[in-house]
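Me: I have just opened this one and would like a careful walk through it. Could we take it piece by piece?

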Amino acid sequence: MLFCSSVAFAELSGVTSGWIQGATENSSLNNVFKIVGSAKTFTLLDEIETGKYLIAANEDYGVHSFSTDSSQVFDPQNQNNIAYWLNNKFISTDYTGEKLPDELISYALDHTWETEPGYNSSEAGSVSCKVALLSKTEFENYVYVLGTKDNLNKENQSTDEYRFWWTRSPLSTAGGKSISIGFNGLSAGDDAGLQRLVRPVLCIDNTFFENVKLDTQYMGYEVKAILNELDTTRAKYTDSEKTIIADTAKNDIVLTEITENWTDSAYDKNYTT
């Protein structure tokens with residue numbers, strides 16, 4: 001069951017690197033979905049307001065530096081910053097790299113993203129934009145859903161460039177460094193100029209689920225529960241697809257290579273929790 005969370009960033013001290021405690025190894029299938037016609041998959045993390053949802057990408061979208069000017073602040077106004085890149089070139093129609101589905105970009109909402117205090121700061125920050133990265137605090141909050149052994153953290157990669165993904169959180173103990181997440185729940189304070197994997201997060205609302213057709217062969221029961229409460233006429237599901245959606249007692253997942261690191265018990269089609 002989704003829960004409405006309220007992460008009080010203003011009350012937090014700065015974050016440091018280290019092992020994340022209590023993390024589950026594998027990702028959950030209960031909250032996953034993908035859009036018909038797209039290979040990209042996403043996890044529904046939370047209903048942060050009534051009818052407004054936080055979602056995270058399950059795959060990486062290439063590598064990028066956090067900031068080329070040593071800033072550890074996630075700043076969509078700074079052209080040298082990953083936040084600016086995410087909300088401009090990354091979602092532009094002429095971008096040729098790994099892209100978010102067009103339907104998701106169309107329904108992404110502006111959202112205020114809060115971030116923990118950084119080096120020599122006692123105050124949390126916040127920015128408004130559509131595409132962001134998870135904060136370390138959010139990752140810890142949702143690690144039971146995301147797991148630590150996922151499609152981004154490849155232990156057999158030879159360089160950290162492909163073993164860690166950026167958060168939007170600054171390292172509190174040193175300037176010019178931001179937090180990245182690696183395999184098995186390890187977080188690191190990395191120089192902002194280093195290349196790390198990009199894992200976007202966005203906010204969408206019920207209009208996305210009402211208008212965009214999702215793949216019923218890759219749908220967790222938490223997503224089904226949302227669809228069953230909405231008028232999805234415009235998404236044009238067939239009668240057989242509606243039957244699958246109505247069955248919220250199980251996940252309907254046809255496994256592919258992209259889920260190789262997910263829950264072991266999910267290797268049966270139509271995995272039931």
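**Contacts of F74**

Reply: Leaving aside residues up to four places away in sequence, F74 touches F66, N81, I82, A83, L86, V127, C129, V131, A132, L133 and R168, where contact means heavy atoms within 4.5 Å. This is a predicted model, in which local features need pLDDT of at least 70 and side-chain atom pairs count only at pLDDT 80 or more, while totals for chains, interfaces and linings use all residues. Residues are numbered from 1 along each chain as its sequence is written, and side-chain values use heavy atoms, with hydrogens and water left out.

Me: Which residues touch the most other members of the largest nonpolar core?

Reply: They are F74, I82, L86, L104, F208, F209 and L214, in a core of 60 residues; such a core is a set of buried Ala, Val, Leu, Ile, Met, Phe, Trp, Tyr and Cys residues joined through side-chain atoms within 4.5 Å, and buried means under 20% relative accessible area, exposed over 50%, partly exposed in between (1.4 Å probe, protein chains only).

Me: Switching to strand β4, how many of its residues are buried?

Reply: Six of the six residues in β4 (52-57) are buried, with K52, L54 and A56 on one side and Y53, I55 and A57 on the other. Strands here are DSSP runs of E with at least two residues, helices are runs of H or I with at least four, and both are numbered from the N terminus.

Me: And which strands does β4 pair with?

Reply: Strand β3 (residues 41-49) runs antiparallel to β4 and is joined to it by six bridges, with L44 partnered by I55, whereas β13 (residues 200-205), also antiparallel to β4, is joined by five bridges, and there Y53 stands opposite I204. Two strands pair if DSSP finds at least two bridges between them.

Me: What about helices, how do α5 and α6 pack?

Reply: Helix α5 (residues 221-228) and helix α6 (residues 239-246) pack at about 115 degrees with their axes 8 Å apart, the axes being lines fitted to C-alpha atoms over the stretch in contact and the angle running from 0 to 180 degrees between N-to-C directions. That makes α5 roughly perpendicular to α6, a label for angles of 65 to 115 degrees. In this contact, K224, L227 and N228 of α5 meet I244, I245 and A246 of α6.

Me: Is K236, between those helices, buried or exposed?

Reply: K236, in the loop between α5 and α6, counts as exposed because its relative accessibility is 65%, and K236 has a positive phi of about 60 degrees although it is not a glycine.

Methods:
Parallel < 35°, antiparallel > 145°, perpendicular 65-115°, else oblique.
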